[in-house]
Amino acid sequence: MEKPTEERLSQIARTQIPSRLLDHCTIDRNYRTTLEAIPLDYPELAPIDLTYVDTEALPFGHWPVLQTVNA
């Protein structure tokens, strides 16, 4: 992977994605060296606090609302 330009870094920094479009999990401690985010449970830690998931008010509304379809 090549080094991103200043313009690309600025674009990434300005991007806001609603939490409802993201997945969450804890990952393996070695992700920095393996470059893989492998999900892993840590029973000794408290669960991830989801209190604020999908409560943010973003200054734009062009993200689609996900709908659950029951088959």
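Contact, in this talk, means heavy atoms within 4.5 Å. Keep that in mind, please.

Now the model itself. This is a predicted model, where local features need pLDDT of at least 70, side-chain atom pairs count only at pLDDT 80 or more, and totals for chains, interfaces and linings use all residues. Residues are numbered from 1 along each chain as its sequence is written, and side-chain values use heavy atoms, with hydrogens and water left out.

First, the overall picture. The chain has two helices and zero strands. Helices here are DSSP runs of H or I with at least four residues, strands are runs of E with at least two, and both are numbered from the N terminus. Buried residues make up 4% of the 71 residues in the chain. Buried means under 20% relative accessible area, exposed means over 50%, and partly exposed is in between, with a 1.4 Å probe and protein chains only. The accessible surface comes to about 7,100 Å². Carbon and sulfur atoms hold 56% of that surface. Areas come from the Shrake-Rupley method with a 1.4 Å probe, and for residues only the protein chains shown count as cover. Now contacts between residues at least 6 apart in sequence: 55% of them join residues at least 24 apart.

Next, Y42. Where does Y42 sit? Its place is in the segment after α2. Y42 counts as buried, because its relative accessibility is 12%. Which residues does Y42 contact, leaving aside neighbours within four places in sequence? They are T26, I27, D28 and R29.

The Y42 side chain reaches the backbone oxygen of I27 at 2.8 Å. A polar atom of that side chain also lies 3.1 Å from the backbone nitrogen of R29.

L40 is also in the segment after α2. L40 touches T26, I27 and D28, not counting residues up to four places away in sequence. From L40 to R29, C-alpha to C-alpha, is 8.7 Å, and the two are eleven residues apart in sequence. L40 counts as partly exposed, because its relative accessibility is 35%.

How many salt bridges does the structure hold? One. A salt bridge is a side-chain nitrogen of Lys or Arg within 4 Å of a carboxyl oxygen of Asp or Glu. R29 pairs with E44, and the closest N and O atoms are 3.2 Å apart. The pair links distant parts of the chain, 15 residues apart: R29 in the loop between α1 (6-14) and α2, E44 in the segment after α2. R29 is exposed, because its relative accessible area is 58%. E44 is exposed as well, because its value is 55%.

I48, L50 and V53 make a nonpolar patch of about 230 Å². Patches take residues with over 30% relative accessible area and no salt bridge; like charges are joined within 9 Å, and nonpolar side chains (Val, Leu, Ile, Met, Phe, Trp, Tyr) within 5 Å. I48 is in the segment after α2. I48 counts as partly exposed, because its relative accessibility is 40%.

Last, a backbone point. Most residues other than glycine have a negative phi. L35 has a positive phi of about 60 degrees, although it is not a glycine. L35 is in the segment after α2 (31-34). L35 counts as exposed, because its relative accessibility is 74%.

Terms used: A polar contact is a pair of N or O atoms within 3.5 Å; within protein, one must be able to donate a hydrogen and the other to accept it, and residues adjacent in sequence count only if both atoms are side-chain atoms.
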